[in-house]
Amino acid sequence: MGIKKQAQEAVTELESLATDHWTDKEKNQAAKIIEQAIIQTVNEFCDTSSKAVDQCCSADQDKAHKLNEEIELARTAIIANLSSLR
């Protein structure tokens, strides 16, 4: 799913929370929706990247494995950074 579609889905979910003034609970819910949208987009991007690496490096599986490890490390770092924003 593309970033624009993911953002639109997050907006749709946030609209269900829309009131004049959000309570702390509503703010936390909104933050969680946004965080999940970003994490889902990062995961989809990493999965797509891993598939591309596997296809491009099919002759050199050692290189593909190393690249996939780097992608996984980057995914873990991004998600950890997002989680620390809470």
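The model is predicted, so local features need pLDDT of at least 70 and side-chain atom pairs count only at pLDDT 80 or more, while totals for chains, interfaces and linings use all residues. Residues are numbered from 1 along each chain as its sequence is written, and side-chain values use heavy atoms, with hydrogens and water left out. Helices (H or I, at least four residues) are DSSP runs numbered from the N terminus, as are strands (E, at least two).

**The pairing of H2 and H3**

- Helix H2 covers residues 24-56 and helix H3 covers residues 61-84; their axes come within 9 Å and cross at roughly 175 degrees.
- H2 is therefore roughly antiparallel to H3.
- Axes here are lines fitted to C-alpha atoms, for helices over the stretch in contact, and angles run from 0 to 180 degrees between N-to-C directions.
- Angles under 35 degrees count as roughly parallel, over 145 as roughly antiparallel, 65 to 115 as roughly perpendicular and the rest as oblique.
- On the H2 side, the residues that meet H3 include Glu35, Ile38, Val42, Cys46 and Asp47, and their partners in H3 include Ala64, Leu67, Ile71 and Arg75. Contact means heavy atoms within 4.5 Å.
- The residues of this contact comprise 11 nonpolar, five polar and four charged. Ala, Val, Leu, Ile, Met, Phe, Trp, Tyr, Cys and Pro count as nonpolar, Asp, Glu, Lys and Arg as charged, and the others, Gly among them, as polar.

- Arg75 belongs to helix H3 and is buried, with a relative accessible area of 13%. Buried means under 20% relative accessible area, exposed over 50%, and partly exposed in between (1.4 Å probe, protein chains only).
- Apart from neighbours within four places in sequence, Arg75 is in contact with Val42, Asn43, Cys46 and Asp47.
- The side chains of Arg75 and Asp47 are joined by a polar contact of 3.0 Å. A polar contact is a pair of N or O atoms within 3.5 Å; within protein, one must be able to donate a hydrogen and the other to accept it, and residues adjacent in sequence count only if both atoms are side-chain atoms.

**Other residues of H2**

- Lys25 is part of helix H2 and is exposed, with a relative accessible area of 61%. Lys25 and Cys46 are 21 residues apart in sequence and 31 Å apart in space, C-alpha to C-alpha.
- Glu26 also lies in helix H2, but Glu26 is buried because its relative accessibility is 16%. Leaving aside neighbours within four places in sequence, Glu26 is in contact with Leu17, Thr19 and His21.
- Ile34, in helix H2, is partly exposed at 40% relative accessibility. From C-alpha to C-alpha, Ile34 and Cys57 are 34 Å apart in space, with a separation of 23 residues in sequence.

**The cysteines**

- The count of disulfides is zero, where a disulfide is a pair of cysteine sulfur atoms within 2.5 Å.
- Cys46 is in no disulfide, and the nearest cysteine sulfur, that of Cys57, is 16 Å away. Cys46 is buried, at 5% relative accessibility.
- The sulfur of Cys57 is too far for a bond, because the closest cysteine sulfur, in Cys56, is 6.1 Å away. Cys57 is buried at 13% relative accessibility.
- Cys56 lies in helix H2 and counts as exposed at 68% relative accessibility. Cys56 and Glu26 are 30 residues apart in sequence and 45 Å apart in space, C-alpha to C-alpha.
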